[in-house]
Amino acid sequence: IILMGSQADQAHCQKIADAAKIFGIDVVMRVGSAHKTPEHVLAILHEYEADLRPKVYVTVAGRSNALSGFVDGAVNSPVIACPPPSDAFGGADIFSSLRMPSAIAPALVLDPANAALLAAKILGLTDGAVREKVGAFQKEQARKIFDDDRQIKSRG
């Protein structure tokens with residue numbers, strides 16, 4: 001479940017969704033603000049938490065990023081904070097994603113594709129097909145490095 005703070009975050013969320021699909025993960029995108037519509041966010045969370053299938057929430061909110069901590073405190077499932085890039089405040093708004101209150105522990109992954117990879121690794125703990133796709137993906141990434149090394153070595 002990708003939960004964005006506003007529709008302005010949709011392009012960033014789409015990058016996460018596209019990467020998640022590589023691993024065969026079904027993705028749902030929703031919009032809700034911890035500041036402006038907390039009851040709506042809780043209703044969304046109750047809906048998905050009632051479904052006992054394994055799930056991961058990826059929260060996408062900038063500025064104060066209250067959404068990630070709010071969601072993490074309301075669910076038993078893993079939460080990955082993936083705030084959109086921002087030049088506002090000289091990048092200082094990222095600090096709201098780094099420090100959370102005690103007993104609130106969303107993971108923080110800044111790259112959208114890596115947020116999807118972490119979600120896949122978590123879901124792969126209980127889903128063998130996802131686990132296999134993660135392994136194949138990692139092997140392909142390693143193969144690219146070996147190919148690059150061979151090319152560079154042959155130039156020398």
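Q: Leaving aside neighbours within four places in sequence, which residues is Thr 59 in contact with?
A: This is a predicted model, to begin with. In it, Thr 59 is in contact with Leu 3, Leu 67, Ser 68, Val 71, Val 79, Ile 80, Ala 81, Cys 82 and Pro 83.

Q: Where does Thr 59 lie?
A: Thr 59 is part of strand β3.

Q: Buried or exposed?
A: Buried. The relative accessible area of Thr 59 is 1%, and the cut-off for buried is under 20%.

Q: What joins its side chain to that of Ser 68?
A: A polar contact of 2.5 Å links the side chains of Thr 59 and Ser 68.

Q: Switching to α2. What should its 12 residues span?
A: Helix α2 covers residues 38-49. At 1.5 Å a residue it should span 16 Å, and its end C-alpha atoms are 16 Å apart, so the two agree.

Q: Which residues of α2 are buried?
A: Val 41, Ile 44, Leu 45 and Tyr 48.

Q: New topic. How many salt bridges does the structure hold?
A: Five. One of them pairs Arg 30 with Glu 47, with the closest N and O atoms 3.3 Å apart.

Q: Where do those two sit in the chain?
A: Arg 30 is in strand β2 and Glu 47 is in helix α2, 17 residues apart, so the pair links distant parts of the chain. Both are partly exposed: Arg 30 has a relative accessible area of 23%, and Glu 47 comes in at 45%.

Q: What about Arg 53 and Asp 51?
A: Their side chains also meet in a salt bridge, 2.6 Å from N to O. Arg 53 counts as exposed at 59% relative accessibility, while Asp 51 is partly exposed at 26%.

Q: How far apart are the closest N and O atoms of Arg 143 and Asp 147?
A: They are 2.2 Å apart, in another salt bridge. Both residues lie in helix α6 (residues 128-155), four residues apart, about one turn of the helix.

Q: Which residues make up the network there?
A: Glu 140, Arg 143, Asp 147 and Arg 150, joined by salt bridges that share partners.

Q: Last topic: how many residues does the largest nonpolar core have?
A: It has 23. Ile 2, Ile 16, Ile 25, Val 58, Val 60 and Ile 80 have the most contacts inside it.

Q: Which element gives the most to this core?
A: α5, with six residues. β1, α1 (10-22), β3, α5 (112-123) and α6 each supply at least two.

Q: What does Ile 25 touch, not counting residues up to four places away in sequence?
A: Ala 20, Ala 119, Ala 120, Leu 123 and Val 130.

Q: And what does the second core include?
A: That separate core has 13 residues, among them Ala 34, Val 41, Ile 44 and Tyr 57. Val 41 and Ile 44 are also among the buried residues of α2.

Key:
Residues are numbered from 1 along each chain as its sequence is written. This is a predicted model: local features need pLDDT of at least 70, side-chain atom pairs count only at pLDDT 80 or more; totals for chains, interfaces and linings use all residues. Side-chain values use heavy atoms; hydrogens and water are left out. The expected span of a helix is 1.5 Å times one less than its number of residues. Buried means under 20% relative accessible area, exposed over 50%, partly exposed in between (1.4 Å probe, protein chains only). A salt bridge is a side-chain nitrogen of Lys or Arg within 4 Å of a carboxyl oxygen of Asp or Glu. A nonpolar core is a set of buried Ala, Val, Leu, Ile, Met, Phe, Trp, Tyr and Cys residues joined through side-chain atoms within 4.5 Å. Contact means heavy atoms within 4.5 Å. A polar contact is a pair of N or O atoms within 3.5 Å; within protein, one must be able to donate a hydrogen and the other to accept it, and residues adjacent in sequence count only if both atoms are side-chain atoms.
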